[in-house]
Amino acid sequence: METLESELTCPICLELFEDPLLLPCAHSLCFNCAHRILVSHCSTSKPLESISAFQCPTCRYVITLNHRGLEGLKRNVTLQNIIDRFQKASLSGPNSPTESRRLQPQRPYTATISGTIAGTIGGGGGGTSGSSARSSPATSSHSHPHVNHTNHTNANHSPAVVAKMDPRISCQFCEQDPPREAVKTCVTCEVSYCDRCLRATHPNKKPFTSHRLVEPVPDTHIRGLTCLEHENEKVNMYCLVDDQLICALCKLVGRHREHQVSSLTERFDKLKAYQVSPGRVSDAVMEASKTSAAQTLENNLTNLVKRNSELENQMAKLIQICQQVEVNTAMHEAKLVEECDELVEIIRQRKQVIAVKIKESKVMKLRKLAQQIANCRQCLERSSALITQAEQSLKENDHARFLQTARNVAERVAMATASSQVLIPDVNLNEAFDNFALDFSREKKILEGLDYLTAPNPPSIRDELCTASHDTITVHWTSEDEFSVTSYELQYTIYTGQTNFISLYNSADSWMIVPNIKQNHYTVHGLQSGTRYIFFVKAINQAGSRNSEPARLKTNSQPFKLDPKTAHKKLRLSNDCLTMEKDESSLKKSHTPERFSGTGSYGAAGNVFIDSGCHYWEVLLGASTWYAIGVAYKSAPKNEWSGKNSSSWVFSRCNNNFMVRHDGKEMLVEASLQLRRLGVLLDYDNNSLSFYDAMNSQHIHTFEISFLLPVVPTFMIWNKSVMILSGLPVPDFVDGMAPDHQEQQQMGLCRQESPYLTGMKTCH
């Protein structure tokens with residue numbers, strides 16, 4: 001009977017067919033259910049009569065309607081007769097399925113559609129089979145209290161469903177007020193029942209023996225997620241196009257009508273397969289992972305696993321640090337007790353010593369005072385005896401006896417009066433011990449200030465106070481904890497352009513260290529000229545040390561002068577060898593291999609060879625309009641113009657033309673006719689030679705050179721005089737514009753480079 005009932009159930013309302021229609025696809029549908037489908041397709045501006053087709057909810061076959069609408073479809077009379085006979089054969093009473101459905105409140109129409117379409121998509125079978133797997137509470141809430149619940153009470157108790165007994169959960173089927181307390185919750189029906197209602201709705205026969213009965217749980221724990229677009233409609237399928245959960249109405253009449261969908265079980269199993277590690281995934285699953293969604297999920301999962309691993313490592317380190325904190329805390333606590341005990345012991349010993357001193361002073365002072373008291377008592381007794389004797393003499397009435405004793409007594413009184421200062425002993429008022437005091441105020445302040453010593457705060461390098469020469473840098477710094485700092489340590493190394501100072505600091509091999517500095521400044525000697533250095537200052541005390549922020553300081557350029565041994569015989573050098581002047585009169589100079597000697601090669605070189613660092617010098621051009629300034633190897637020919645060979649690079653002016661020259665190739669550049677001070681920047685380490693208008697802070701040109709040998713500054717003039725200023729720091733405008741100028745120069749060389757320019761012929 002149960003199987004027959006499932007075959008006679010409408011796939012929409014999940015009830016026995018009522019006035020069934022026979023569809024062209026051979027499936028059947030209640031007339032009212034078909035009418036509801038048409039109503040769901042209507043809108044306010046679209047009448048029901050305009051609907052000319054709908055889809056079979058079982059096989060998705062498109063049913064075309066004629067002008068009569070649903071009335072144009074044939075009635076399934078045979079099916080209606082079978083249903084009538086089935087209803088007559090069914091047992092009447094409270095335990096019959098028909099009576100149960102009558103007693104149970106009906107579910108909303110949308111819920112029945114959800115079960116039907118979800119069953120069609122998930123099961124792939126007919127609508128009746130799909131619907132029977134998802135029967136509503138109206139058709140499934142039947143059992144008997146005496147039934148053996150082994151099949152459904154203990155089966156598949158999921159932790160997500162089985163919850164703690166809540167005594168406040170009430171029966172949802174009771175008609176009395178207040179409802180009785182629920183004793184079971186049917187997961188299949190999604191309803192909680194009291195004992196009486198459970199007996200009435202769940203008889204001990206199929207299909208109710210397969211219902212899952214669990215301890216009472218709140219209603220929210222057993223109901224699934226609801227659709228965002230259709231209120232009270234549970235999601236039961238997955239849209240593959242929009243990649244989101246949807247309900248049956250979304251697929252039937254919503255915006256996902258034409259989209260490809262999948263059952264939740266199928267989608268769950270497919271995505272779940274990618275949670276397995278790649279080494280354990282089968283070939284079929286690995287092949288399926290080639291889809292974009294799967295690859296995204298797999299990549300995200302890999303990143304998440306990697307991040308979890310990093311977090312675990314980080315957590316392990318933190319746990320190790322926590323353990324170290326515990327160990328260090330215990331050590332410091334023991335040290336604190338030890339140090340305080342030592343202080344208490346010192347105070348106790350000092351207390352005993354001072355107490356002994358007080359007692360000794362007391363004994364000495366009392367001994368002296370006792371002696372003084374004895375002396376005073378002796379003098380007092382003698383004086384008292386003399387006074388008594390004198391008083392008796394004065395009372396004598398016998399003239400002879402008075403005259404005999406009076407003279408002797410008078411002499412003794414006179415002697416006693418005269419020697420009173422001798423007889424009365426000296427009393428030292430300081431012996432009262434009132435000038436003794438205990439003053440521990442200074443010690444009390446020290447004790448009140450007792451605290452554990454911490455590492456000093458990081459010092460701060462004062463860039464504005466630091467100074468430099470071509471081979472020294474004086475570093476100045478300040479510290480907030482100057483009085484707690486035992487010493488400073490200065491560390492420095494050549495700056496290589498590395499921005500990660502932590503990695504640079506950890507490479508200890510390249511650092512120079514100056515320890516045990518007691519002042520807030522230090523001068524480092526023997527540095528490379530024109531080189532940038534990184535400096536750290538470390539403040540140290542017994543508790544530890546802390547480093548300052550890194551400071552980048554640079555030595556000045558290498559100072560140099562003109563070398564008289566290289567000057568052309570028609571050039572006159574000043575006494576300080578900083579100025580050279582064209583002199584047509586031939587000066588008497590000995591010929592040397594280093595001297596410029598060619599016709600028209602009126603040049604001189606500096607007295608230094610540079611093979612490292614970044615150096616800047618300036619040339620005061622004065623009124624000269626014909627000159628060439630640059631650098632050259634030592635091997636550069638001295639009998640031709642600088643720049644005419646591969647060993648020299650120069651910036652040159654010939655009247656109103658400015659150009660750069662190397663290896664016989666010349667290129668015009670733009671410069672002001674008022675150029676009076678030429679800046680030259682030689683960055684040997686970065687293989688570049690740049691020229692600037694120092695007065696206007698403008699870049700002129702940059703050579704990119706792969707230096708192979710040390711170079712020397714070279715100077716040529718054909719009129720007037722020039723003066724050099726060397727050993728200068730690199731100006732700020734040079735540091736700021738160098739990268740852009742290099743790029744412009746690379747573009748300029750490609751655009752303007754050419755062999756000898758015709759304009760140079762006028763300068764010969």
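This is a predicted model: local features need pLDDT of at least 70, side-chain atom pairs count only at pLDDT 80 or more; totals for chains, interfaces and linings use all residues.
Strands of a sheet pair through backbone hydrogen bonds, either parallel or antiparallel. Strand β6 (residues 184-186) is joined to β8 by 2 bridges, and these two strands run antiparallel. In this pairing, C186 has L213 of β8 as its bridge partner.

Aromatic side chains give a second set of contacts. A pair of aromatic rings is described by the distance of the centres and the angle of the planes. The count comes to 18 aromatic pairs. W649 belongs to strand β26 (residues 648-654), whereas F707 is in the loop between β31 (698-704) and β32 (711-717), so the pair ties together parts that are 58 residues apart in sequence. W649 has a relative accessibility of 5% and counts as buried. F707 is buried as well, with a relative accessible area of 10%.

Another edge-to-face pair consists of F691 and F703, with 6.3 Å from centre to centre and 80° between the planes. F691 is located in strand β30 (residues 688-693) and F703 in strand β31, so that the pair links distant parts of the chain, 12 residues apart. F691 counts as buried because its relative accessibility is 0%, below the limit of 20%. F703, at 11% relative accessibility, also counts as buried.

Two lysines are placed over aromatic rings. The charged end of K582 sits over the ring of Y602, at 4.1 Å from the ring centre. K638 lies over the face of F596, with a distance of 6.0 Å to the ring centre.

Charged side chains also pair with each other, and the structure holds 14 salt bridges. Among them is the bridge between K538 and E489, in which the closest N and O atoms are 3.6 Å apart. This pair links distant parts of the chain, with K538 in strand β18 (residues 532-541) and E489 in strand β15 (residues 487-494), 49 residues apart. K538 counts as buried at 15% relative accessibility, and E489 counts as buried at 14%.

A salt bridge also forms between R572 and D583, where the closest N and O atoms are 2.2 Å apart. R572 lies in strand β21 (residues 571-573) and D583 in the loop between β22 (579-582) and β23 (603-605); the pair links distant parts of the chain, 11 residues apart. R572 is partly exposed, with a relative accessible area of 40%, whereas D583 is buried at 14%.

In the salt bridge of E618 with R677, the closest N and O atoms are 2.8 Å apart. E618 is part of strand β24 (residues 614-620) and R677 of strand β29 (residues 677-683), so the pair ties together parts that are 59 residues apart in sequence. E618 counts as buried, at 7% relative accessibility, while R677 is partly exposed, with a relative accessible area of 27%. Elsewhere, salt bridges link D19, E71 and R75 in a network.

Conventions:
Residues are numbered from 1 along each chain as its sequence is written. Side-chain values use heavy atoms; hydrogens and water are left out. Two strands pair if DSSP finds at least two bridges between them. Helices (H or I, at least four residues) and strands (E, at least two) are DSSP runs, numbered from the N terminus. Rings of Phe, Tyr and Trp (its six-membered ring) pair if their centres lie within 6.5 Å; planes under 30 degrees apart count as stacked, over 60 as edge-to-face and the rest as tilted. Buried means under 20% relative accessible area, exposed over 50%, partly exposed in between (1.4 Å probe, protein chains only). A charge sits over a ring if NZ of Lys or CZ of Arg is within 6 Å of the ring centre and within 35 degrees of the ring normal. A salt bridge is a side-chain nitrogen of Lys or Arg within 4 Å of a carboxyl oxygen of Asp or Glu.
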